[in-house]
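Here are my notes on the model you sent over. Have the structure open while you go through the points.

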Amino acid sequence: MSKYILRRLLMMIPVLLGVTFLVFFIISLTPGDVASMILGNGATQESIIALREEMGLNDPTIVQYGSYMKDLLTGDMGNSYSTGKAVSGEIAQRFPNTLKLTVSAIILSVLISIPIGVISATRQYSLFDNIGMIVALVGISMPSFWVGLILIIAFSLNLGWFPSGGMEGIMSLILPAFTLAIASTASITRTTRSSMLEVVRQDYINTAKAKGVSRSVVIRKHALKNALIPAITVIGLEFGVLLGGAVLTETVFSWPGIGRLMVESIQRKDTPMILGCIIVFAIAFSLVNLLIDILYSFIDPRIKANYK
Amino acid sequence: MSTNVEVLSAEELLKTKKRSQSADIWKRLKRSKTAVLGIILIATFLFMAVAAPLIADYQGEALKMNVRERLQGPSAEHFFGTDEFGRDIFARVVYGTRISLFVGLISVSIALSIGGFLGAVAGYYGGKIDNMIMRVLDVILAVPTILLAITIVASLGANMLNLMIAVGISNIPGFARIVRASVLSVKDQEFIEAAKAIGAKDHVIIMKHVLPNSMAPIIVYATLKVATAIMATASLSFIGLGVQPPTPEWGSMLAGGRAYIRDQMYIVLYPGLAIVLTVLSLNLIGDGLRDALDPKLK
Amino acid sequence: MSENVLDIKDLIIQYHTEEGIVEAVNGININLNRGKTLGLVGETGAGKTTTALSIMRLLQSPPGKVMQGNIALEGKDLLSLTEKELEKVRGGLVSMIFQDPMTALNPVINVGDQIAEAILIHQKVTQDEAKVKAKEMLEMVGIPGARMEEYPHQFSGGMKQRVIIAIALSCSPKLLIADEPTTALDVTIQAQVLELMKELKVKFNMAMIMITHDLGVVAEVCDDVAIMYAGRIVEQGSLEDIFRTTKHPYTEGLFNSIPNIDDRKSDLIPIKGLMSDPYNLPEGCSFCDRCNYAMSICKTQKPEKVHFSDTHFTECHLYSENQEFKLKG
């Protein structure tokens, strides 16, 4: 098992290398001169040239990439163009906040969606199922930033139950977590339901019934365990969507995470910060997917066998 | 002589079979009430996009700033009220339909053609080519979709073209994967071997035999992806990385109205509803198509 | 009274679907005693599996519906039992083996646990005792007990079927329903599994219903044979009756469809046509269109039962006037 984990971690490295190269390359396409932007309007021509030299901006992209990667290996992500402070420090400070938000959201999603998905499947075509599925469909159709705004209007401005922004105490976590959770809840519910419907049609479910296994045990022990396998894949994918959605939700709720940091950095054209944020996002996403795959192999003995 | 006649009738048979197949699928699609609702909705939006000039005046209502009329609630004159610059929100929503649908369709077309090509090649040839293509796509997939689109637009500059490119590129791996999977499931079937046996060229086989038979999941996927593309457009515009003001776009309208939600919540209500309904209609159609094309549900 | 295990009277089952009503089973009677094996023979769609599922009350309902009839297991009326009582019956009194061994086992639970589960439901034993018994059952079907903790995907098709047999017999049922248990297996494995089933049938003194379309299997295992067509039993008798004095044209057709291994050059004689549309069964005899002996009365009137002996009867107009009529063979 640990060999498998090790192998997967090793496989992550070329992918992450690829990501850093891809993002670095994309950002290098930004028009405009960095040095003059940093120095501002009153800068002299010489100071601009000097700064360019110092920052290595005259080197070809590949060389710039190389030196960035070299620094990255020591944990140095460069300094922010706007504050001059270390990027890694800034990110280290704000990342846990994003984590708090996204983890709360995914836990909330899973707790709601799996029971609803199972019940919908076992009571297919019932009122519960029909309403549930329509609600879920609407849920994946609503943009998170709009939901956030509506929730703020309703529960913060009109009812005054929750603060409309910032990160102070658990009350301020609830609205943003809910906002983030809505789309992923809807998606996971739908997947759980369709996966359960598939599984319930399988022959081994008939075998279980023919043994005299009671209905609730058939659902819980025989069907659910199998149905969770594709559901878990979706949970992993949804986490990725959540990370992206965090950018929007953090903006709406003024939540101090790296999503909002990235948006601010884009507005300030703070390239090292943007790069740093994306890399951290990519690493987080890859780790979550790895976790999901490991979880997979625990549930499905067919996969475990392949990686003994 | 007689063999020619037999071959012809086989072809005829195939054509009639295909015709009745599409009629059959349409019939099954119509059976789903939600899919029909989706079709009606999207048709409405399409109509709004195409016939926009007939419904509202672009210069006069959507763009013209009129500070005296700002922040008025919904009325007979302004169905959805006016925004912070006094512009008619209804007109802006109507014209915003054009942007959303256009960007959605174009970006998915980009993703479908490039991604589909890569996926078909990877699936059909397999081996090293498959490996190489999939690995490159894995890199793109390691970054959450929106974030990649944000990065691309942030770097290239925020305008509609770059928006379409960004959303298109971030959807390429998804299309590549689904086309590859479809191709894989079809290519080992015997009629492909038969085509090869009579010496048909590879690209002919792919275009004429493999792709038409793997269309179903791709069509469903594409429909759903137009929905997410429209969402992405609104999201990017919301954070200022999409269509630039004063062009009316639903996402940027929400961004603009954000400061006024306390007292003028209609500024964010209506554009948001437009997004929800458009995306919902496409999801309904996509779901309906998936059920209609599923042979197991016959 | 304790001799009779299964008594089915006038069973009629229909499927009510969007496209119409499927008349799956149209009035059949089955009477089975301990230790006897009844072969239920017929093509796909004849209603064999539907009948079997209804005995276990496992019919998908909707759309399936038992319209009329009685099913009694050891005298108990099955159709009036509650769900809880049925759970005791399934696996305990009656067991069923399904057609495809490849998909009949839960892929995420090991085989030992799947056998033990049945034991724990029907017998008052501890978890450990159940595990011991499960191991015994595995050995009984010819699988080393040490493989208890392995998962279904680690077994071949034939061995999977043995596991399924072990599960089915773990609680010594009085009746075993085997729905084409060897159809999905290689011929050599088929023989092994059939041998095993014969052995266990004797050992447990069970009654067995063997559903198959393969007359070879019937000859190996069955005491009595019922030939089903379009939801009715068109001929029933002992093995001798059916094989030596075939009466119904359909049965004759089935025998003729078997390739003659002694005369490799002779033509195959298939039964012409296809089984009638179950949404729209004909007015008269359902076999009429495909029958080489069809008469005008066959089109309009359903044939009555004609008895040749205590054990042997058929439903065919050919014999209603003349009991001595002989098929061409």
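**Notes on helices and interfaces**

1. Axes here are lines fitted to C-alpha atoms, for helices over the stretch in contact, and angles run from 0 to 180 degrees between N-to-C directions. From α5(A) come A:E90, A:I91, A:R94, A:F95 and A:T98, which meet A:I258, A:G259, A:R260, A:L261 and A:E264 of α11(A), contact meaning heavy atoms within 4.5 Å. (Ala, Val, Leu, Ile, Met, Phe, Trp, Tyr, Cys and Pro count as nonpolar, Asp, Glu, Lys and Arg as charged, and the others, Gly among them, as polar.)

2. Before going on, some ground rules: this is a predicted model, local features need pLDDT of at least 70, side-chain atom pairs count only at pLDDT 80 or more, and totals for chains, interfaces and linings use all residues. Residues are numbered from 1 along each chain as its sequence is written, chains are lettered from A and ligands numbered from 1 in the order in which they are written, and side-chain values use heavy atoms, with hydrogens and water left out.

3. What does the secondary structure of chain A come to? It is 13 helices and zero strands, where helices (H or I, at least four residues) and strands (E, at least two) are DSSP runs, numbered from the N terminus. The C-alpha atoms of chain A fill a box of roughly 85 × 55 × 30 Å along the principal axes.

4. Another pair within chain A is helix α1 (residues 2-28) with helix α4 (residues 61-73): their axes come within 11 Å and cross at roughly 130 degrees. That makes α1(A) oblique to α4(A). The crossing of α1(A) and α4(A) is right-handed; left-handed means that the near helix is turned anticlockwise from the far one by less than a right angle, and right-handed means clockwise. On the α1(A) side you'll find A:L17, A:T20, A:F21, A:F24 and A:S28, and they meet A:T61, A:I62, A:Q64, A:Y65, A:Y68, A:M69 and A:L72 in α4(A). By class, the residues of this contact are eight nonpolar, four polar and no charged.

5. Now over to chain B. Between chains A and B, 44 residues of chain A are in contact with 41 residues of chain B. About 3,700 Å² is buried between these chains, with carbon and sulfur atoms giving 77%; buried area is the accessible area (1.4 Å probe) that two parts lose on being put together, summed over both. The salt-bridge count for chains A and B is one, a salt bridge being a side-chain nitrogen of Lys or Arg within 4 Å of a carboxyl oxygen of Asp or Glu. Look for the side chains of A:R190 and B:D287, at 2.8 Å from N to O.

6. Helix α7 (residues 144-158) of chain A packs on helix α13 (residues 266-293) of chain B at about 140 degrees, with the axes 10 Å apart. That makes α7(A) oblique to α13(B), and their crossing is left-handed.

7. Finally, the contact between chains A and C takes 22 residues from chain A and 23 from chain C. These two chains bury about 2,000 Å², 60% of it on carbon and sulfur atoms. A:K211 forms a salt bridge with C:E117, with the closest N and O atoms 2.8 Å apart.

Terms used
Parallel < 35°, antiparallel > 145°, perpendicular 65-115°, else oblique.
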